[in-house]
Amino acid sequence: NARTLVHAAAWVLSPTASEMDTLGEKDKLRRMLIAGSKYSVLVSWPVLLGLIVFGPNLLHTWVGEKYAFAGLLLTILAVPTLVALPQATASSVLFGISRHKGIVVLSLLSALVNLGLSVWWARWPEPMRMLFGEAVSPGLVGVAMGTAIPLLLISGFATAWFACSVLEQPLLQYLWEGMLQPGLVSLAFLVPALLVQYRWHPLGWGALLSVCAGCWVVFALVPAGRFADIHGRKRVFL
């Protein structure tokens with residue numbers, strides 16, 4: 001899946017980051033951080049957006065219509081993952097330059113907050129009932145929200161801030177170039193997916209796979225054209 005692919009690609013950067021740090025190549029480390037986040041977004045966001053848009057359809061097809069309502073849980077977990085998953089590059093770079101203690105502390109903090117909020121809202125789910133109603137068990141929603149909040153705030157934004165602080169990388173530049181710009185490219189997947197969902201609401205493995213493949217092809221043409229244009233300009237300047 002997208003998570004496995006992103007983590008596998010990101011963690012091979014650690015030895016390169018270590019070599020760059022030894023040579024004092026801070027600018028290259030900063031460029032690696034931004035590039036790794038950018039490609040992580042391009043790989044993972046279409047998959048996560050597909051879960052958000054077609055989650056109920058997937059559950060209907062996979063386990064039956066009566067479980068389609070649980071698409072809410074997929075959305076609650078997928079949205080913060082949009083921010084947290086691209087930080088795999090930040091973690092890999094920091095491990096490579098032996099600044100991993102902060103990442104370990106953030107990971108432990110995220111796990112503790114996850115546990116605390118999940119138990120709290122599972123036992124006292126009234127806030128979840130007020131926010132989301134009772135279509136999905138408020139206790140289950142509470143557990144999902146207990147996972148989502150530290151995933152977004154700690155594994156996502158706090159990790160990004162810490163990496164930028166260590167590498168002396170402006171945070172706003174990192175968020176814009178490493179996440180928001182490639183995230184905007186992902187609209188090429190999201191817009192046709194929303195249109196298809198609104199118009200046809202596809203069900204069944206064949207329909208879902210065909211629709212997702214079609215939306216992915218539209219998305220793939222956008223970054224391909226963008227990067228071809230960039231490389232073309234580089235050749236002109238060279």
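## Lining of the largest pocket

Helices α3 (26-63) and α11 (205-237) each supply at least two residues of the lining of the largest pocket. The biggest share comes from α3, with seven residues. Helices here are DSSP runs of H or I with at least four residues, strands are runs of E with at least two, and both are numbered from the N terminus. This is a predicted model: local features need pLDDT of at least 70, side-chain atom pairs count only at pLDDT 80 or more, and totals for chains, interfaces and linings use all residues. Residues are numbered from 1 along each chain as its sequence is written, and side-chain values use heavy atoms, with hydrogens and water left out.

The lining has 15 residues. Val 47, Gly 50, Leu 51, Leu 209 and Cys 212 lie nearest the pocket centre. By class, twelve lining residues are nonpolar, three are polar and none is charged. Nonpolar covers Ala, Val, Leu, Ile, Met, Phe, Trp, Tyr, Cys and Pro; charged covers Asp, Glu, Lys and Arg; the others, Gly among them, are polar. The pocket volume is about 390 Å³. A pocket is an open set of points on a 1 Å grid over the protein atoms alone, where a 1.4 Å probe fits, with protein on both sides within 12 Å along at least five of seven lines; lining residues have an atom within 4 Å of a point. Points are joined across faces, edges and corners, and the volume is the space filled by probe spheres set on them.

## Overall build

The chain has eleven helices and zero strands. Its C-alpha atoms fill a box of roughly 60 × 45 × 25 Å, taken along the principal axes. Of the 238 residues, 43% count as buried. Buried means under 20% relative accessible area, exposed means over 50%, and partly exposed is in between (1.4 Å probe, protein chains only).

Contacts are heavy atoms within 4.5 Å. Among contacts in the chain with a separation of 6 or more, 78% join residues 24 or more positions apart.

Gly 183, Leu 184 and Val 185 of α9 meet Leu 187, Ala 188 and Phe 189 of α10. These contact residues divide into five nonpolar, one polar and no charged.

Ser 186 counts as buried because its relative accessibility is 1%. Beyond its neighbours within four places in sequence, Ser 186 contacts Val 41, Trp 45, Pro 46, Leu 49 and Phe 219.

## Leu 49 in α3

Leu 49 sits in helix α3. Leu 49 has a relative accessible area of 10%, so this residue is buried. Not counting residues up to four places away in sequence, Leu 49 touches Ser 186, Phe 189 and Leu 190. Leu 49 and Ala 193 are 144 residues apart along the chain, yet their C-alpha atoms are separated by 8.7 Å.

Ala 2 belongs to helix α1 (residues 2-11). Ala 2 is buried, at 11% relative accessibility. Leaving aside neighbours within four places in sequence, Ala 2 is in contact with Ser 44, Val 47 and Leu 85.

Leu 13 lies in α2 (residues 13-22). With residues up to four places away left out, Leu 13 touches Met 32, Thr 89 and Ser 92. Leu 13 and Ser 91 are 78 residues apart in sequence and 9.9 Å apart in space, C-alpha to C-alpha.

## Two positive phi values

Most residues other than glycine have a negative phi. Glu 168 has a positive phi, near 55°. Glu 168 is in the loop between α8 (138-167) and α9, and counts as exposed at 64% relative accessibility.

His 201 is not a glycine either, and its phi is about 50°. His 201 is in the loop between α10 and α11. Its relative accessible area is 40%, so His 201 is partly exposed.
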